[in-house]
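Reader: I would like to learn how to read a structure one feature at a time. Please take me through this one.

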Amino acid sequence: MIADGAPVRDEPMKGAVLTRLAKFAQVEVLDEDQVLVRGALTRFVQIRFVESNKAETVGWVYAGYLEPYFNPFRRDVVKVRNATVNPN
């Protein structure tokens, strides 16, 4: 997420706001759709967002707010006995 407070709606570009995403939030992309907005096709993405308290939100967000996330670090390089349960 590259913007702070991006709205997640139950339908692309309309409908109720389910939540607002904080900057740097990580989401899972489920689907994509294009909607006609002011005469131009605009891309929206259906996402799944899991908050720190395990509450899950599924909704639509404008694709311009998102960018790919690449984790440059390999997994399980160093074993930690008491690793943090939630990596977020």
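Reader: Where is Leu 21 found?

Author: This is a predicted model. Leu 21 is found in strand S2, which covers residues 14-21.

Reader: Is Leu 21 buried or exposed?

Author: The idea is to compare the relative accessible area with a cut-off, and buried means under 20%. Leu 21 has 1% relative accessibility, so Leu 21 counts as buried.

Reader: How far is Leu 21 from Asn 82 in space?

Author: Separation can be stated along the chain or through space. Leu 21 and Asn 82 are 61 residues apart in sequence. From C-alpha to C-alpha, the two are 30 Å apart in space.

Reader: What lies between S1 and S2 in their hairpin?

Author: The hairpin of S1 and S2 has 2 residues between the strands. Met 13 is in the loop between S1 and S2, and its phi is positive, about 70°, although Met 13 is not a glycine.

Reader: Which residue in the turn between S3 and S4 has a positive phi?

Author: S3 and S4 form a hairpin with 2 residues between them, and Arg 38 in the turn has a positive phi of about 50°. Arg 38 is a residue other than glycine.

Reader: Is Arg 38 buried or exposed?

Author: A residue is exposed when its relative accessible area is over 50%. Arg 38 lies in the loop between S3 and S4. Arg 38 has 83% relative accessibility, so Arg 38 counts as exposed.

Reader: How many bridges join S4 to S5, and how many residues lie between the two strands in their hairpin?

Author: 7 bridges join S4 to S5, and the two strands run antiparallel. Their hairpin has 5 residues between the strands, and Lys 54 in the turn has a positive phi of about 75°.

Reader: Where does Asn 53 lie, and is Asn 53 buried or exposed?

Author: Asn 53 lies in the loop between S4 and S5. Asn 53 is exposed because its relative accessible area is 56%, and over 50% is the cut-off. Asn 53 and Glu 28 are 25 residues apart along the chain, and their C-alpha atoms are separated by 17 Å.

Reader: Which residue is the bridge partner of Phe 49 in S5?

Author: The bridge partner of Phe 49 in S5 is Thr 57. S5 covers residues 56-62. Thr 57 has 12% relative accessibility, so Thr 57 counts as buried.

Reader: Which residues is Thr 57 in contact with?

Author: For contacts of this kind, neighbours within four places in sequence are left aside. The contacts of Thr 57 are then Val 8, Leu 18, Thr 19, Ile 47, Arg 48, Phe 49 and Glu 51.

Reader: What is the secondary structure of the protein chain as a whole?

Author: The protein chain has 0 helices and 5 strands. Along the sequence, the pattern is β-β-β-β-β.

Reader: What is the radius of gyration of the protein chain?

Author: The radius can be set beside the value for a compact globule. The protein chain has 16 Å, whereas a compact globule of 88 residues would have a value near 12 Å. The C-alpha trace spans about 55 × 25 × 20 Å along its principal axes.

Reader: What part of the protein chain counts as buried?

Author: Of the 88 residues, 25% count as buried. The accessible surface of the protein chain comes to about 7100 Å², and 49% of that surface belongs to carbon and sulfur atoms.

Technical notes
Residues numbered from 1 in each chain as written. Predicted model: local features only at pLDDT ≥ 70, side-chain atom pairs only at ≥ 80, totals over all residues. Heavy atoms only, no water. Helix = DSSP H or I, 4+ residues; strand = E, 2+ residues; numbered from the N terminus. Rg over C-alpha atoms; globule rule 2.2 N^0.38 Å. Buried < 20%, exposed > 50% of the residue type's maximum accessible area, 1.4 Å probe, protein only. Areas by Shrake-Rupley, 256 points an atom, 1.4 Å probe, with all protein chains shown as cover. Contact = heavy atoms within 4.5 Å. Pairing = 2+ DSSP bridges.
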